[in-house]
Amino acid sequence: MIIGLDVGGTHTDVVLLGQEGLVRQIKVPTNSSDLFATVLTGLEKITEGIDPIHISRAVLSTTLTTNRIVQGRIPEVGMIVSAGPGMDPELFRTGPHYHTVTGAIDHRGREITPIDEDQVLKVADSLKNKGIRYVGVVSKFSVRNPAHEVAIGDFLGDRFEKVFLGHRIAGQLNFPRRIATTFLNASVYPVHKDFFEAVVNSLATKGLGMPIRILKPDGGNMRFDASIDHPAQTILSGPAASVMGSVAFAPKDEACLVLDIGGTTTDMAVLVNGVPLLDPMGISIGDHKTLIRSLETVSIGVGGDSAVRVMDGNIHIGPDRLGMAMAYGGPVPTPTDAIFLLGIGDGGDPEKAREAIQSVADALGTDLQDAANRIFEQACRTILDEAGSMIDRINAKPVYTVHELWEGHRLQPRQILVLGGPAPWFATGLERLSESRVTVVPRWTVANAIGAGLARTTCEVTFFADTEREIATAPEENFTKVIPSAYTKEDAINATLDLLRRKAIARGANSEHLELEVIEAMSFNMVRGFYTAGRNIRVTAQVKPGLIHGYDPIAEKIMDSSFT
Amino acid sequence: MLRARHKTGLVFFPAFDWAISPTHPEREERLLYTQDQVFEEGLLDIEGIIEYKPDLVTKKDVQRVHFCVPDLWAVMTESHFISAGGAKTIAMAVMDKQVERGFALVRPPGHHANRVVHGARGFCNVNIEAIMIEYIRKAYGVNRVAIVDTDCHHGDGTQDIYWHDPDTLFISIHQDGRTLYPGSGFLSELGGPNAVGKTINIPLPPNTSGEGILHAIREVVLPILKEFQPEIIVNSAGQDNHYSDPITNMNFSAQGYAELTTLLKPDIAVLEGGYAIEGALPYVNAGIILAMAGMDYSHLQEPDFDPVKIRQSPEVSRWVHKTCDKVLENWHQRRQLADVYRGDYQLMNRDRDIYYDTDNIHEHQQETIRVCDSCGGALKIDSAARGLKHVLAMHIPRNACERCREQGYQWYDSADTTHYDKVYLQDRHGDVITEKSQAT
């Protein structure tokens, strides 16, 4: 059996999944000041009376690192950056302990200016003297040639508790994002490590020795031990959990929209033939733009408990939540109150709901029914409009080949999958206001935790070969190889897939059911004078997000037992 | 957060799957390292630099500018629809005020493409700037446009298209035509009888460096622009004045290009040539993007940059200054020059041979323009490509007066289709594009 656990803002959902389907589901309140207790309580409760031997793993989606970054509760981190000519590296300063050093590498990975050992050692001394324990090292174009980062790392030796090298963090080109991502990894490293070590230890003392996996924002999981070197890949995994919870119910031959409607926000994503779309660059958190692989998701401030206000004769919904619906004793009217008044759903105190909507009706100068209708319609419409804008943005993303531009098809989802607490209520409005088929995801209130539990291990490999310089590198994998000048794109693809296979298994994938996919493979003839001097080859391959092998019977059972 | 001072639109279309031929300078690899540099510097993440996906141009967008022989499909490939479309996309973003300025970093280029197109010359099939400009004139009612062509090669195609247009100021700064393709762009090329002085050529000697090029911008281009008062400034941003360019002999740098852009303040820049794909383009393009956005580019520099090595000689400086003085003199005397040039003619002819180096086509043109005080004048072009097609093409300008409109139609209606493979009419005033031939 598998445990899926998703920490939300107010509740933490935990499910136990077995071949018989959804074995057990619970909700525990989230104590944001003590996530450790929350997670542990959730895991203990879900396993009550279950022999731990039957539990193969627990997949956790937590807000631990996210909260720390958003609230700025992170330790002081040292950054050593070598940029060379280009944008002023001072623009990417991460904090007070940010140092730029000599050294430059060009776009093909050739050294322009060497690293100065004395200068690096001086910076290291200064960081050490200030009590810095975690350091990030980034050089421009390190993913073309990591030599400078490696050299700086060697100079630092074991003076610091943990040193993160930029090229091991992500394979794409983007120096400012590499700096931000490396910084975040160093920043959340201690809290991530301590937290999960504590979880594992506590579980062990309670006789719960199951392996822990952690959900990533790209909708895949990784083993806890693999996460130690990539702690920032645990941020913002919440929306991914929900998306993965809907994957089993998505059409396999067309695009669909996923809406996770919660109390405060609605998260949106797109599935194409049952596979979630990924953000081509990486996730943004606060002011940090990163290279952390993530699903393409958008979050808007409209949910069941959004505050409803009337200003200048117009209804405003959200973006804030001031508490529960008035029907449940909350302070201000919410869409949920409108839903209760309209009889679309029912719960709470009907009188309180009426009172809530009456205040809106008075402000609008209309009757109860009309006010409730307008609140509900506007909430649904806002969600649909924002979803439309997201689709437009995805369709407007640039492509760089004639073929892609000419053949590129437009995304036009005709189905909407809804999950989250108020899903069935909102579904009625969405169905009425849109031209899409609207389906409520089975077990909509815990689909997020189901998604976390059933997500497969994902990863990506970026590979680069330059046959003129006779080198091939996959910087994240610590892979550098001398290649013959006759090296081809096919050779590069094979090498990439081989690296990917090994990486996926190390991160926790099932070696017998690996679904590897080449995302991009391009080979450019490098012509110098009138002769072809070599080939410049770029390959990217991934294990795309999806559900673990053999999930079908589980999903079917969940489907059968839905709405019961 | 990093924010652009000027909101800047960018279309980046490297056409990674298109080449004239595998080892041609205009090949897949051309913008590869530029992409690497732009991505690695994180330029697309800057708040206020907005990347657009190029739209395609329509058939009519192209026919508004060109006479394509034998037809549009023979001269346009998919990639030309996209690169012209990229320029159009940027222009629309600027005109719609989504951005203050825009840069179309697209290929293939276009500034050697003339009004009549039998094939490719100077790596160009259709003139992407002209297609863009005529589109915004049609869609947004823009009238006065200035084009500053800073490619190292003379922008002869753009010059040809706007030769008779008094509302388009075309300025080309380039390496002297006696030393470089296409061998034109001399001081004496000043525009047709109805637009004398609106074509301006600033031929600079080989080995001119930043000092000379920026002198021409400051002392000649900017004052003339100020006087002309364009609604829109377009920069044909070729990058082959760079000291490392393999097919030219100038000594400009990435810093120089960025400064040129800062001085010129173009509303729209469109990439033209530039074939030092590793040593120049990544840095020049980054510099132009930063300059367009009004951001600091002082740390930008080529790895092998050595200011001493590329400093221009006193002799070059003297030549540059002399050329610039002469250009200004012509500009100030343009009305007198026009009077002398026009004399008492009502129709004026131009007879020339045009060579298409890329496709090896020899074209002979006889051009007749109606001398007119109120508009650009009705234009008739008799064009024969050796061993290929012979066509007759009539152009009636946007702001054509009644007499020129009549003249254009009279030419078209009376054209004997037995003499030509095709007869074209491009009536910009009436927005009519039509053609006739014996077969139809």
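**Entry 1: the domains of chain B**

I looked up how far apart the two domains of chain B sit. The C-alpha centres of domain 1 and domain 2 of chain B are 27 Å apart. I note here that the model is predicted. The domain assignment puts domain 1 of chain B at 3-334 and domain 2 of chain B at 345-436.

Next I checked the contact between them. Domain 1 of chain B brings 24 residues to it, and domain 2 of chain B brings 30. I sorted the domain 1 side by class: eleven residues are nonpolar, eight polar and five charged.

**Entry 2: two helices of chain B**

I turned to helix α7 (residues 210-228) and helix α8 (residues 254-264) of chain B. How do their axes cross? They come within 10 Å and cross at roughly 5 degrees. Because angles under 35 degrees count as roughly parallel, I call α7(B) roughly parallel to α8(B).

I listed the residues that meet. From α7(B) I have B:Gly210, B:Ile213, B:Leu214, B:Ile217, B:Arg218 and B:Leu222. On α8(B) they meet B:Gly256, B:Glu259, B:Leu260, B:Leu263 and B:Leu264. Seven residues of this contact are nonpolar, two are polar and two are charged.

**Entry 3: where chain A touches chain B**

I moved on to the contact between the chains. It takes 35 residues from chain A and 36 residues from chain B. Which elements of chain A each supply at least two residues? I found α5 (175-205), α11 (402-407), β26 (516-528) and β27 (531-543) of chain A. The largest share of the chain A side comes from β26(A), with five residues. By class, that side of chain A has 20 nonpolar, eight polar and seven charged residues.

**Entry 4: the domains of chain A**

I read the domain assignment of chain A. Domain 1 is in two pieces, 2-62 + 206-242. Domain 2 covers 77-185, domain 3 covers 250-440 and domain 4 covers 459-543. Between the C-alpha centres of domain 1 and domain 2 of chain A I noted 34 Å.

**Entry 5: a covered helix in chain A**

I picked helix α8 (residues 335-342) of chain A. Is it mostly covered or mostly open? It is mostly covered, with seven of its eight residues buried. The buried ones are A:Pro335, A:Thr336, A:Asp337, A:Ala338, A:Ile339, A:Phe340 and A:Leu341.

I then asked what covers them. The cover includes the strands β19 (306-311) and β20 (314-321) of chain A. It also includes the helices α9 (350-364), α10 (368-395) and α12 (423-433) of chain A. Last, I checked what follows α8(A). A:Gly343 does, and its phi is positive, near 80 degrees.

Terms used. Residues numbered from 1 in each chain as written. Chains lettered and ligands numbered in written order. Predicted model: local features only at pLDDT ≥ 70, side-chain atom pairs only at ≥ 80, totals over all residues. Domains from an automatic or database assignment. Contact = placed C-beta atoms within 7 Å. Nonpolar A, V, L, I, M, F, W, Y, C, P; charged D, E, K, R; others polar. Axes fitted to C-alpha atoms, helices over the stretch in contact; angles between N-to-C directions. Helix = DSSP H or I, 4+ residues; strand = E, 2+ residues; numbered from the N terminus. Parallel < 35°, antiparallel > 145°, perpendicular 65-115°, else oblique. Buried ≥ 20, exposed ≤ 12 C-beta atoms within 10 Å, placed from the backbone.
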